[in-house]
Amino acid sequence: MSLRELIQMVLVLTIVTSVCAGGLAAVKLVTKEQIDYQQIKFIKEPALKKILTDYDNDPISDRLQIVTGKDARGRDVKTTFFLAKKGGDVTSLAFEAGGSGYGGPIGVMIAIDPKGGIVQAVAVTTQSETPGLGSKIVDDPDFPSQFSKKPVSANFNLAAAGGEIQAISGATVSSSGVSTAVSRGVELYQNVKSQLGL
Amino acid sequence: MQDYLLMIVAAMFINNIVLIRFMGNCPVVGVTSSYESAVGMGAAVIFVATMAGTTCWIIQKTILEVLGIEYLQTLVFILVIAALVQFVEILMQKVAPPLYRALGIFLPLITTNCMVFGVSVLNIKEEHSFMQTLIFSLASAVGFALVLLFMAGLRERMDATGRVPSLLRGVPITLITAGMMGLSFAGLLGMA
Amino acid sequence: MAARIVNEFTKGFWKEIAPLRFALGICPSLAVSTKVESALGMGFAVVFVLCMSNVLISAVRNLVPDKVRIAVFISIIATGVVIVELVMQAYFYPLFLVLGIWIPLIVVNCIVLGRAEAFARKNTIPLSLSDGMGMGLGFTLSLVVISSIREILGSGTWLGMLVMPEAYPGFGFLLRPPGAFVIFGLILGIMNVISARIEKKTA
């Protein structure tokens, strides 16, 4: 293989791959917004529908991102807040918080009425708890309803830890995961309340 | 330790990459007409898939995720695999000529073996750690090689008896046999 | 010229229908054929990638040195695949979730690289486009045939509509991986019977 051939090969490959990568970056840029929307729509919307009741807008379009902390590497952690509006007024604010259960992380969507400072409802978005036991945090309607209509200042821990929530019998770890998630969520809400401008 | 053992059994048999996940079927149909070529292909794939799985994992974690360009995964992984195959070919030719003579002709075929690419993507999708990636890639490739060997052995016997209806000879009977093999592998389901 | 374009297009449907004749692209044919809907989605994704890669490869066929051609082909194909991935995520998210890993796996689909190597690098752009279109639609057709059999007999529906009597229990084996292999093998056997008949008639 002569030197000229080698240079030609490297050159062709470099040009082709950079054109490809450049083209893809452009496509990504164009589709990014829509992909975010779709991912939220199909993964978060079922939970949103469960907890938001009184609104006439599309909460997924009316969402805002706020920096709520830093991760281990010092990069910003953002939380997405979904705004439910009725006649232009914000009626609820929904966002996701996490705790850990028996089978892995548990994601919980929390709806808060920003004017009254009241937790309206909570719903589990993602979980991998044992079917039939820990999965009751999703299937048993009585458990999540304990969080509803309580002021954000309430103690959302389990009764065993001095809070107001009764654990599902046989699924204490999973219940505790949900209550931790809600407690964290409420704390986060109180920290960023002023930034939301509501 | 037990977790790793379970992972090995699952990747080799219960979720066999060929029979249950449907990856790498072309070589199972293509190179199982003789036992020797099945051994060669199997060995070459074990080698390349393990290297590709771990290399792709490292690149994903140290480059793609750090720069936030995970969407280029497909493009980057396939180029890594193609380059790796080239590299292995050249290295083998220089260092171990007898091995190269035995496996050399199978190496170019591996680039488009969906099993190698599939394992690399699965490692990322299922959020494996580095150790898990290594074990999963190796065990999946061994599972692939086993199917290749079983199939080659079965086909040699089927050809010898000559009792396969002429219309099913070749590819059709290979696929039906693969289905039967998948059923027997599924019998191990209770173990994990 | 026009006749050749038509010819390159139609050969993909019977004479050279890739999965059923040459056992190319078996993996996706087995994996995404439990439902007709996912088979169609997969088929059109492959049609797009195949047309795009054939056209682009044909366009650069005289500029690329022989030794790096495979790397260049793979880059072009992978670009097409990522475009499909992004567009599908943006506009057909449920389909994207169903097809999952099989979308990126189009990159190693033997049909796509096979057509680049065997056809597009030797032919003009219009011919390559019609070849890609024909081969892609032929692949889609094979997928629809396999998935129709599996969906109708396996779960009693076709494209989600109930076609079997209500009481039909569904032959669950066909929906499981081993069932896919057996059905595909039998279809290939039937193809052999039909082509043997046709050959006898013309001979």
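Guide: First, a convention. Axes are lines fitted to C-alpha atoms, for helices over the stretch in contact, and the angles between N-to-C directions run from 0 to 180 degrees. The model is predicted.

Start in chain C, with helix H1 (residues 2–10) and helix H8 (residues 125–155). Their axes lie 7 Å apart, at an angle of about 25°. The cut-off for roughly parallel is under 35 degrees. H1(C) and H8(C) are therefore roughly parallel to each other. The crossing of H1(C) past H8(C) is right-handed. From H1(C), the contact draws on Arg4(C), Ile5(C), Glu8(C), Phe9(C) and Thr10(C). From H8(C) come Pro126(C), Leu127(C), Ser130(C), Asp131(C), Met133(C) and Gly134(C). By class, that contact has five nonpolar, three polar and three charged residues.

Stay with chain C and turn to chain A. Here 18 residues of chain C are in contact with 17 residues of chain A. On the chain C side, helix H5 (69–91) and helix H6 (93–99) each supply at least two residues. H5(C) gives the largest share of that side, twelve residues. The classes on that side are 14 nonpolar, three polar and one charged.

Chain C also touches chain B. That contact takes 33 residues from chain C and 34 from chain B. On the chain B side, the elements giving two or more residues are helix H2 (25–30), H4, helix H7 (114–125) and helix H9 (171–186). H9(B) provides the largest share of this side, ten residues. Of the chain B residues that touch chain C, 26 are nonpolar, seven polar and one charged.

Now chain B itself. Chain B has nine helices and zero strands. Along the sequence the pattern reads α-α-α-α-α-α-α-α-α. The radius of gyration is 17 Å, close to the 16 Å from the globule rule for 192 residues, so chain B is as compact as a globular protein of that length. The C-alpha trace of chain B spans about 60 × 45 × 30 Å along its principal axes. Buried residues are 46% of the 192 in chain B. Take the contacts in chain B with a separation of 6 or more: 79% of them join residues 24 or more positions apart.

H4(B), one of the elements on the side that touches chain C, also packs within its own chain. Helix H3 (residues 35–67) of chain B and helix H4 (residues 73–95) of chain B cross at roughly 135°, and their axes come within 10 Å. That makes H3(B) oblique to H4(B). H3(B) passes H4(B) in a right-handed crossing. H3(B) contributes Phe47(B), Val48(B), Met51(B), Ala52(B), Thr55(B), Cys56(B), Ile59(B), Gln60(B) and Leu64(B). H4(B) contributes Gln73(B), Val76(B), Phe77(B), Val80(B), Ile81(B), Leu84(B), Val85(B) and Val88(B). By class, the contact of H3(B) with H4(B) has 14 nonpolar, three polar and no charged residues.

Last, a residue in chain A. Leu11(A) lies in helix H1 (residues 3–51) of chain A. Leu11(A) counts as exposed, because 12 C-beta neighbours lie inside 10 Å. Leu11(A) and Gly87(A) are 76 residues apart in sequence. In space they are 60 Å apart, C-alpha to C-alpha.

Conventions:
Residues numbered from 1 in each chain as written. Chains lettered and ligands numbered in written order. Predicted model: local features only at pLDDT ≥ 70, side-chain atom pairs only at ≥ 80, totals over all residues. Helix = DSSP H or I, 4+ residues; strand = E, 2+ residues; numbered from the N terminus. Rg over C-alpha atoms; globule rule 2.2 N^0.38 Å. Buried ≥ 20, exposed ≤ 12 C-beta atoms within 10 Å, placed from the backbone. Contact = placed C-beta atoms within 7 Å. Nonpolar A, V, L, I, M, F, W, Y, C, P; charged D, E, K, R; others polar. Parallel < 35°, antiparallel > 145°, perpendicular 65-115°, else oblique. Left-handed = near helix turned anticlockwise from the far one by under 90°.
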